[in-house]
Number of protein chains: 2
Amino acid sequence: MSNSSDFDRVRVVLVATRNPLNIGAAARAMSNFGFFRLYLVNPFEPSFLEARSAVGAAELLANAKVFATVGEAVADCSLVVGTTAVGRRELRHPLKFLEEGARAIHKRLHSRTSSTGENKSEVAILFGSEKFGLSNEDLSHCNWLLRIPTRDEHRSMNLGQAVAICLYELARNAKRAASVDKANPATAGDIDRVADLLLDALQLAGSLDSRSAVTTGQKLRRLMRRHNLTAEDAKFWLGMFGQITYKLRQGKRPSE
Amino acid sequence: MSNSSDFDRVRVVLVATRNPLNIGAAARAMSNFGFFRLYLVNPFEPSFLEARSAVGAAELLANAKVFATVGEAVADCSLVVGTTAVGRRELRHPLKFLEEGARAIHKRLHSRTSSTGENKSEVAILFGSEKFGLSNEDLSHCNWLLRIPTRDEHRSMNLGQAVAICLYELARNAKRAASVDKANPATAGDIDRVADLLLDALQLAGSLDSRSAVTTGQKLRRLMRRHNLTAEDAKFWLGMFGQITYKLRQGKRPSE
């Protein structure tokens with residue numbers, strides 16, 4: 001389930017941050033959205049101390065962990081995501097835009113990783129320095145990269161704002177994921193059964209020749225997948241189409 | 001259509017901002033997400049001048065308009081939205097969380113308001129001062145209020161971050177709205193016709209008594225609305241269910 005306790009396994013890693021106000025702003029946004037694990041890699045020592053004045057996030061800052069290298073900061077993580085303002089073609093890493101990236105992070109936080117079904121995945125989200133972003137050395141620790149969809153003409157965001165938007169999207173996604181979790185999404189098999197039954201009905205109604213059956217079937221499956229059916233929805237449709245198909249079969253039998 | 005030119009009719013209004021860095025940060029986020037109209041109500045004069053150094057947003061700041069009162073800054077707007085960190089029960093205004101609010105703003109930007117179908121709605125989004133937020137006088141100009149869904153234990157956001165998140169959500173929504181626009185959403189009438197036809201089919205299949213017809217009909221409509229059908233989807237379903245219903249009617253006739 002997606003809830004704030006999942007965020008206990010997400011660390012925000014600020015790498016080589018220069019401006020103390022940005023550390024403070026990042027900490028405040030973390031507190032606003034329920035993320036409490038701040039890791040600092042190689043910060044300017046004085047700036048880190050100044051940042052302790054961040055509104056409402058003093059405790060979070062006091063508990064921040066400081067590391068000399070990215071490698072040490074993410075050693076126990078199974079997913080390391082680097083943020084970037086750079087476009088796809090300049091990168092050697094897979095790039096995901098924020099919405100897709102946030103979904104991927106949630107997926108990792110919720111997948112069952114151990115035999116007991118308990119999830120222990122630790123996730124790190126890296127933010128580079130104000131001036132240079134993440135270095136190639138930093139990027140070498142990342143599984144993939146995340147980009148906030150800013151205008152191509154002005155991609156580079158303020159660090160504190162970038163952190164805030166990423167955490168907002170993760171928190172937004174968590175609510176959504178929780179409601180889908182609760183709603184129990186239909187499986188691919190459920191959707192196939194609904195589509196098959198409907199195709200049967202169309203065939204029985206005589207409105208499907210063997211040529212159109214394939215394309216109609218594809219269209220139907222595509223459409224059903226796009227509708228985000230829950231398992232309950234699928235059951236409802238199956239019931240309905242089952243009754244209709246049954247009736248069509250009955251009607252057909254005498255004439256055969 | 002939702003695209004960046006819609007944002008030409010959205011103004012970001014900063015009211016009584018104290019910290020020059022926040023004006024700069026707001027301007028930068030505006031430029032990142034394609035909003036170029038910055039209005040300042042009663043700013044600290046010196047801070048406003050300092051802010052002109054905002055990274056990548058110098059022109060935007062140079063073009064900012066300065067007003068003495070909120071009334072003057074929003075005089076020509078048909079929708080004025082105030083941002084707040086305050087909970088519902090303390091407010092006299094309707095409150096929308098950001099996702100819902102962004103949708104409502106888009107709706108206003110796209111609704112046809114003149115006889116020529118051209119939309120001239122001007123929209124203002126107000127952000128209050130760092131310390132006090134929007135005053136009751138400021139709020140009196142607002143149609144409704146917008147809240148970013150932060151934790152109840154730490155609601156109040158940094159001003160620059162709040163602006164960034166609101167504009168991110170509006171830009172995100174614009175892309176989504178554009179793809180739905182392109183897809184041409186089904187009308188309520190379309191959905192009703194699909195549901196009616198399917199109910200007919202169920203009735204013809206003999207699996208619907210008059211008691212269950214009402215609740216099944218309601219459930220069907222609810223489900224179909226949740227599926228976000230496009231007009232094309234509706235046509236596809238209508239075609240399919242039409243053929244099935246036709247066949248069921250044929251099958252029924254002899255036995256009647």
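In chain A of this predicted model, helix H8 passes helix H9 in a right-handed crossing. The axes of H8(A), residues 188–204, and H9(A), residues 210–226, come within 10 Å and cross at roughly 140°. Angles over 145 degrees would count as roughly antiparallel, and H8(A) and H9(A) are therefore oblique to each other.

**The helix pair in chain A**

- On the H8(A) side, the residues that meet H9(A) are Ala188(A), Ile191(A), Asp192(A), Val194(A), Ala195(A), Asp196(A), Leu198(A), Leu199(A), Leu202(A) and Gln203(A).
- On the H9(A) side, their partners are Ala213(A), Thr216(A), Gly217(A), Leu220(A), Arg221(A), Met224(A) and Arg225(A).
- Sorted by class, the contact of H8(A) with H9(A) comprises ten nonpolar, three polar and four charged residues.

**The helix pair in chain B**

- In chain B, the axes of helix H8 (residues 188–204) and helix H9 (residues 210–226) come within 10 Å, crossing at roughly 140°, and that angle makes H8(B) oblique to H9(B).
- The crossing of H8(B) and H9(B) is right-handed, and among the residues making the contact are Ile191(B), Leu198(B) and Leu202(B) of H8(B), together with Leu220(B) and Met224(B) of H9(B).
- Charged residues also take part in this contact, including Asp192(B) and Asp196(B) of H8(B) and Arg221(B) and Arg225(B) of H9(B), within a contact that has ten nonpolar, three polar and four charged residues by class.

**How the two copies are related**

**The interface between the chains**

- Contact between the chains involves 59 residues of chain B and 59 residues of chain A.
- Because 100% of the interface residues of chain B are also interface residues in chain A, the copies meet through the same surface.
- About 4,900 Å² of area is buried between chain B and chain A, and carbon and sulfur atoms give 62% of that area.
- Within chain B, the residues that lose the most area to chain A are Asn32(B), Gln161(B) and Tyr168(B), which together give 13% of what that side buries.

Technical notes. Residues are numbered from 1 along each chain as its sequence is written. Chains are lettered from A and ligands numbered from 1 in the order in which they are written. This is a predicted model: local features need pLDDT of at least 70, side-chain atom pairs count only at pLDDT 80 or more; totals for chains, interfaces and linings use all residues. Side-chain values use heavy atoms; hydrogens and water are left out. Axes are lines fitted to C-alpha atoms, for helices over the stretch in contact, and angles run from 0 to 180 degrees between N-to-C directions. Helices (H or I, at least four residues) and strands (E, at least two) are DSSP runs, numbered from the N terminus. Angles under 35 degrees count as roughly parallel, over 145 as roughly antiparallel, 65 to 115 as roughly perpendicular and the rest as oblique. A crossing is left-handed if the near helix is turned anticlockwise from the far one by less than a right angle, and right-handed if clockwise. Contact means heavy atoms within 4.5 Å. Buried area is the accessible area (1.4 Å probe) that two parts lose on being put together, summed over both.
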